[in-house]
Amino acid sequence: MYLSTIMLLGSGELGREFTIAAKRLGCRVIACDRYDNAPAMQLADAREVFSMLDGVALRAAVEQHRPDHIVPEIEAIDTATLAELEREGWHVVPSAKAVQLTMNRDGIRDFAAKELGLTTSRYLFAETREEAIAAASSVGLPAVVKPVMSSSGKGQSVARTGEELGQAFDYAVANMRGDRPRVIVEEYIAFDYEITLLTVSTRDGVIFCPPIGHRQESGDYRESWQPMPMDQAVLASAREQAAKVVTALGGYGIFGVEFFIAGSRAIFSELSPRPHDTGMVTLIGQNPNEFELHLRAILELPIPAIELAGPSASAVILADRESHDFGFSGLADALATGEPGKPVDLRIFAKPNTLKNRRMGVALARGESARQAVERAVAAAAKVKIEHRD
Ligand SMILES: Nc1ncnc2c1ncn2[C@@H]1O[C@H](COP(=O)(O)OP(=O)(O)OP(=O)(O)O)[C@@H](O)[C@H]1O
Ligand SMILES: NCC(=O)N[C@@H]1O[C@H](COP(=O)([O-])[O-])[C@@H](O)[C@H]1O
Ligand SMILES: [Mg+2]
């Protein structure tokens, strides 16, 4: 009855949109996450609640549901179990190697810089405060310090002096995920702008979405826009590097490849072997969107030319504090800002609780230029209010 059975490891907002795409094509979706009622679970055929870092529980869920495709949606997964499952014949998207290398910054950075020769910032890894401070002599100051295992900017800070490097190390270790106190100390790049190049590895070759520009605050994205107007030679360099890395990682699916653009250089930063949060902008302007592209690539279905309706943007809706009883207001005002040819739309993720700065939704808009689309998305997002009742 179903086209295919997909097990999602992680069930947040990205998994929710992926589930919608999969349901539209008649797939069966099993949504897994560490907490019940996660956004994708609300739409899936079945759910399993366990920590994705618990290899025993992960294997049990796979053996119970027997998915055709295991689709990671978050970074922190027991990748040793995924590698074992792949060896036993289960299909891990895009490949266990890609998931394993990208879970930790040290894995993907060394692979990109040393094995593939991509352009990256100068960097060193440190496991003690002293090593972090000593890294300044080769990396330079200011330097960005991040836990090797973290995402969405957690534990990340910029150090301007040796003393601050020590503090940045302590901060990274206090906010890391997992139990390996290891940080990357990397050269601070004073970039002109940064992009996500959504790169799709398909049965028929590698294809690219129009580049997405974004603005980050505290290591997490606030607005993204598409297309980012770019110099063609720099875009060509980013594409070449992205194609090289996704091909080397193996498997089919979409990858969010992040670059800093400084002058004529496209500097590779990191990559997600799955849809990217900044790529939510594709929900309003791009056809197929990033979730549909991921699904089509995984199922080895043909992908038509990627079309962009016009300049588009997304702006996040963040919570300001923790709450377990809350609602939303202002949606009508936000949606009323839509105009013919310049639509405005919303996604409310329906996460069961808020936390300070937790992303609860996103506003989407089109405009005459990317700049105008951003202004419209930001204005719509600002109209949506979270009403706390506790
Ligand atoms: N070396 C650097 N120089 C300048 N800015 C940086 C550097 N590294 C990171 N940043 C800034 O911090 C942001 C987050 O960094 P990065 O993507 O490495 O972290 P992350 O926690 O993996 O984020 P996510 O998982 O949301 O992509 C970058 O998008 C960029 O704006
Ligand atoms: N940058 C990675 C990213 O955006 N991941 C997305 O956020 C969810 C976790 O949200 P939460 O922390 O609010 O539970 C993940 O499940 C994924 O959809
Ligand atoms: Mg990033």
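Let's start at ligand 2, which has 13 residues around it, the closest being Gly 10, Gly 12, Leu 14, Ser 152 and Asp 277; a residue is near a molecule or strand if its C-beta atom, placed from the backbone, lies within 6 Å of it. This is a predicted model, in which local features need pLDDT of at least 70, side-chain atom pairs count only at pLDDT 80 or more, and totals for chains, interfaces and linings use all residues. Residues are numbered from 1 along each chain as its sequence is written, while chains are lettered from A and ligands numbered from 1 in the order in which they are written.

Back to the shell around ligand 2. Its residues divide into 2 nonpolar, 5 polar and 6 charged; here Ala, Val, Leu, Ile, Met, Phe, Trp, Tyr, Cys and Pro count as nonpolar, Asp, Glu, Lys and Arg as charged, and the others, Gly among them, as polar. Helix 1 (residues 13-24) gives the largest share of that shell, 3 residues. Helices (H or I, at least four residues) and strands (E, at least two) are DSSP runs, numbered from the N terminus.

Now for the domains. The protein chain splits into domain 1 (5-92), domain 2 (122-187) and domain 3 (193-388), with bounds that come from an automatic or database domain assignment. Ligand 2 lies between domain 1 and domain 3, because both give residues to its shell. The C-alpha centres of domain 1 and domain 2 are 32 Å apart.

And ligand 1? Domain 2 and domain 3 both contribute to its shell, so ligand 1 lies between those two. There are 19 residues around ligand 1, with Val 144, Ser 151, Ile 189, Gln 216 and Gly 219 the closest. By class, that shell has 3 nonpolar, 9 polar and 7 charged residues. Strand 6 (143-147), strand 8 (183-187) and strand 14 (265-272) each put at least two residues into it.

Two strands pair if DSSP finds at least two bridges between them. Strand 8 is mostly covered, with 4 of its 5 residues buried. A residue is buried if 20 or more other C-beta atoms lie within 10 Å of its own, exposed if 12 or fewer, and partly exposed in between, with C-beta atoms placed from the backbone.

Val 185 turns up again in the largest nonpolar core, which has 108 residues; Met 7, Leu 8, Val 145, Val 185, Ala 363 and Ala 377 have the most contacts inside it. Such a core is a set of buried Ala, Val, Leu, Ile, Met, Phe, Trp, Tyr and Cys residues joined through C-beta atoms within 7 Å. Take Met 7: leaving aside neighbours within four places in sequence, it is in contact with residues including Ile 30, Cys 32, Ala 61, Val 62 and His 65. Two residues are in contact if their C-beta atoms, placed from the backbone, lie within 7 Å.

Strand 17 pairs antiparallel with strand 12 (residues 220-226) over 4 bridges, where Trp 225 stands opposite Ala 313. With strand 20 (residues 359-366), strand 17 pairs antiparallel over 7 bridges, and Ser 312 has Arg 366 as its bridge partner.

Helix 11 (residues 290-298) is largely enclosed too, because 9 of its 9 residues are buried. The cover over its buried residues includes helix 1, strand 4 (69-72), strand 9 (193-202), strand 13 (253-262) and helix 10 (282-285). After helix 11 comes Glu 300, with a positive phi near 55°.

Arg 177 sits between helix 8 (162-174) and strand 8 and counts as partly exposed, because it has 17 C-beta neighbours inside 10 Å. Not counting residues up to four places away in sequence, Arg 177 touches Ala 76, Met 149 and Ser 150. Glu 322 is in the loop between strand 17 and strand 18 (326-329); with 13 C-beta neighbours inside 10 Å, Glu 322 is partly exposed. The C-alpha atoms of Glu 322 and Asn 357 are 9.0 Å apart, although 35 residues separate them along the chain.
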